[in-house]
2 protein chains.
Amino acid sequence: MLTGLMMDYQLTIDRVLEHGNRLYPHKKIKTKLPDGTLHEYCFHDLYGRVKRLCNVLERLGVEPGDRVGTFAWNNFQHVELYFGAPGAGAVVHTLNIRLFPDQLAYIINHAEDKVIFVDATLLPLIETVADKIGGVEHFVLFNGPPGGVETNLPGQIHDYEQLMTAANDEYSWRVEGENQAMGLCYTSGTTGHPKGSLYSHRSMYLHTVGSCQAAAIGLTENDVVMPVVPQFHAMAWGLPYAAINVGAGLALPGPHMQPAALAELIETERVTVAAGVPTIWNGLYHELKENRRDISCIRALVVGGSAMPRSLIEAYEKELDVNVVHAWGMTEMSPLGTVSKLLSHHQELPQAQKWDVKARQGYPISGVDMRIVNEEGNELPWDGTTMGELQVRGPWVVREYYKLDEGEDSFTADGWFRTGDVVTITEDGFMTITDRTKDLVKSGGEWISSVELENLLMGHTQVLEAAVIAVPDDRWQERPLAVIVPTDASDPPSADQLQGFLEPQVARWWLPEGYVFIDEIPKTGTGKFDKKVLRERYPG
Amino acid sequence: MLTGLMMDYQLTIDRVLEHGNRLYPHKKIKTKLPDGTLHEYCFHDLYGRVKRLCNVLERLGVEPGDRVGTFAWNNFQHVELYFGAPGAGAVVHTLNIRLFPDQLAYIINHAEDKVIFVDATLLPLIETVADKIGGVEHFVLFNGPPGGVETNLPGQIHDYEQLMTAANDEYSWRVEGENQAMGLCYTSGTTGHPKGSLYSHRSMYLHTVGSCQAAAIGLTENDVVMPVVPQFHAMAWGLPYAAINVGAGLALPGPHMQPAALAELIETERVTVAAGVPTIWNGLYHELKENRRDISCIRALVVGGSAMPRSLIEAYEKELDVNVVHAWGMTEMSPLGTVSKLLSHHQELPQAQKWDVKARQGYPISGVDMRIVNEEGNELPWDGTTMGELQVRGPWVVREYYKLDEGEDSFTADGWFRTGDVVTITEDGFMTITDRTKDLVKSGGEWISSVELENLLMGHTQVLEAAVIAVPDDRWQERPLAVIVPTDASDPPSADQLQGFLEPQVARWWLPEGYVFIDEIPKTGTGKFDKKVLRERYPG
């Protein structure tokens, strides 16, 4: 093979930090601390502290390839760990603070975390598994009280700032090459054990540059980014890396995730790009309707994790003049897959149709290949109506799970990742998630999308939340059951009212077989509807 | 080493075409044909024809790694070759149609081109070397007259459309991996032989994604791109690849490079991004001042190749309301290195100072590392005044020249490419080229920038072109001599007038020692001032 004569420049995440520090040393990273005050420092401070952190890790005995856990909110210390662990050749392993104790313990032990960095405000949560994670050698606490803490955690307990102060801020990156592992995130499915995605320097570097494309998230130095999506959730969608890469400011909410606090941070820090799940933006919307603030600084309210109801997109754009950008991804995809921005042929559409487009999950960004297949694995057309399982491929998609053979059915023989999402794709490449493969209602040989029914039901003013599950049916195999949380428990809608609301909007055979009204829908550790629990509760 | 578990997805240029065809099959590529009519087809047509072209290449005996020459204007056939040769595992080698015959023959023979695709409108130019390029086995002509042509070219002569019609449009890419060579461009220095940069699939893929970053060129599907920069000049700055990558439309001027024709193409095709050298935009400016057209569609007039005078940037923005984006790169860098867009702290500056910023070559985009060094190789500060040689590094920078040992002094021992440019870099990362190392005037141990003097002189209304060269001086070692082309030959400025014009703008010792007035400044094959000729003509 005739090879090109270009530099063998390794795509490693320390390059991102070097670039950010060299070009934008004075750009700011601001964090809302637990006490509500604002911590503020610049990229150059970050750079020096990351190097200190590398020395700290070496002092703690962390070797290349070792897993370094984090158990923290979104804050500057967590950003330091995003660069520090990989810079020392180790793997930053973000632990989800919302997991059930059994899952948390399983993940820590499966990953064999040698050290865990703990946000002291979350100490009680991790202490629930103290007696199950004896393999962890060190716990390093930050945001703790000055006098130190009492804890039942095993191993050695350290104070982050004490270790940092004692460490040198000169360090040569211990990165061996672009294929070296640098990050680890587990997803907790509703079946089986949590599964770990082990990112490489190459995959995260390419994800960073890919997401900075103008047709993707497209951050620039003119942006101030507020990742509300937790740093323990798919690397905060890669936003900390993307921000450092291009010199965008960072505004980190710390533990202050309440709508009023977020609104204040947006307004005072002139946030231009904010990213979170629909629940967060739903809360912010209601907050802003009550306590109006100027959030016109936002150029993109990025929403992912699950589908944002079209009604909420419309409300944001019409009532608050905020541009909503739907995105979709998965932990297994680092996570960015699609973005929903208007294309040239959408520009002249009436506003209502633009919102229809924006309610879709969007087109795959450059670097992500998509296809949809039926149950036999045959490829299906992109016609906007044919539902099929979404499969993806690309340089930032996992090829196997970490130390797990049972995840093999997630990968096709020809090298694609099976997302488990059932979707349609329009002719112009806009993907819409209609369901998870396991949540589909299979009625009379046809598929009913539980997600679509839920979105429609949540458009009813008297419905706060709606979950649709399949219940067994002798004649049709399965039929949909709607589980409803009323907006006002003292004034719930009736089943007839909801049926009448749905009738003009869906095919007759899609109409739920029944309605159940409850106070709250059970959620998984990542805040999604836990349909496994619902199916157990309502076996039909 | 613990390796990540991400897909081994090879970064190859066929991925870009696959993505463009899958997502944007209906997007248009328009070409102004030699007869002035507009040829128009879509990405899906391009896709099918590229596959045909791969079969054509195999039929002509092209093997993986073979060099396939092109000798053509910017047109759809040339875009087909950009993807077709690499798709067949070969190397697309773009030949500069403006080279002197000896250089052209040298390059064809040095590259060992097996086949050359020739724009028939350029046949007389390549025929000048017909007797020196006997190693070329096939010439394939397009845009030729229907009845075929008479030519003295050696080897077999074919008609492009006849070969394409006979070929199949099904083909499996013959790409072996991301490090495979895919493109070759030579630069003709003023000393020594032309030197070839051999691009790999990986480097061109990464350059494509890198340039699509919002902080770089940032194309999206909403753009229509007009590369006026020739496709034989550093891959038209990678714009054809970037456009296909994100679904931007392409408007290709073919041989119609006159200002009026370009203005018409911009207006009728609603071009949003146009890219070319300052000479082109200078011509377009004067055309638009005489024959006003609506070119408000342009969101970025990208200028590179050499520095755009600040006066012309100001004129475009103030008089025509067109946003100018300075960029800088080199053939050895695929070519994009820097882009000059305003940062957040520039936004509140008075307009005049914004133009000062935009007159700089700009900041390095993510993916490009820069440093400046003195003659001893020591790194110099980024303070906006210290001049040093610019060195670069990155995944799309060459590590050595193709089959050439003598280019070794272009690379440092620690793996950086020496650009040969003398520059300053501001604290906030904006690079300004002050000179080429070989064109600097070294006066009394200090450096005088010939480029800066030229730019100032060209700001004088009576000066059309100005070139400054060093002449030997007994006392000061070297002194500057200004070679002037008056705007109006019948009314030239005097030397005293020019000296008086410069005096308030530069240090006293920078003032030229003398002025020479001529009709035209000799140019190199790429249209730059040929100072070697001037130095021979005015030995001092």
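Between chain A and chain B, 34 residue pairs are in polar contact, with both residues at pLDDT 80 or more; a polar contact is a pair of N or O atoms within 3.5 Å, where within protein one must be able to donate a hydrogen and the other to accept it, and residues adjacent in sequence count only if both atoms are side-chain atoms. On the side of chain A that touches chain B, the elements giving two or more residues are helix 1 (13-23), strand 9 (195-200), helix 7 (201-211), strand 16 (363-364), strand 17 (369-373) and strand 18 (388-393) of chain A. Helices (H or I, at least four residues) and strands (E, at least two) are DSSP runs, numbered from the N terminus. Helix 7 of chain A gives the most to that side, with six residues.

This is a predicted model, in which local features need pLDDT of at least 70 and side-chain atom pairs count only at pLDDT 80 or more, while totals for chains, interfaces and linings use all residues. Residues are numbered from 1 along each chain as its sequence is written, chains are lettered from A and ligands numbered from 1 in the order in which they are written, and side-chain values use heavy atoms, with hydrogens and water left out.

In the interface, 78 residues of chain A are in contact (heavy atoms within 4.5 Å) with 78 residues of chain B. The area buried between the two chains is about 5,900 Å², of which carbon and sulfur atoms give 57%; buried area is the accessible area (1.4 Å probe) that two parts lose on being put together, summed over both. Leu5(A), Met6(A) and Met7(A) supply 15% of the area that chain A buries against chain B, more than any other three residues.

Four salt bridges are counted between chain A and chain B, a salt bridge being a side-chain nitrogen of Lys or Arg within 4 Å of a carboxyl oxygen of Asp or Glu. In one between Arg22(B) and Glu379(A), the closest N and O atoms are 3.3 Å apart.

Glu178(B) is found in the loop between helix 6 (160-166) and strand 8 (181-187) of chain B. Its relative accessible area is 5%, so Glu178(B) is buried; buried means under 20% relative accessible area, exposed over 50%, and partly exposed in between (1.4 Å probe, protein chains only). Leaving aside neighbours within four places in sequence, the contacts of Glu178(B) include Glu178(A) and Arg202(A), as well as Tyr9(B) and Arg202(B).

Over all chains the count comes to 70 salt bridges. One joins Arg535(A) and Asp439(A) (3.0 Å, N to O). Arg535(A) lies in helix 15 (residues 531-537) of chain A and Asp439(A) in the loop between strand 20 (431-436) and strand 21 (441-443) of chain A, so the pair ties together parts that are 96 residues apart in sequence. Arg535(A) is partly exposed at 28% relative accessible area, whereas Asp439(A) is buried at 9%.

In chain B, the side chains of Glu389(B) and Arg418(B) meet in a salt bridge (3.1 Å, N to O). Glu389(B) is in strand 18 (residues 388-393) and Arg418(B) in strand 19 (residues 417-425) of chain B, so this pair ties together parts 29 residues apart in sequence.

Helix 13 (residues 450-457) of chain B is mostly covered, with six of its eight residues buried. Among them are Val451(B), Glu454(B) and Leu457(B).
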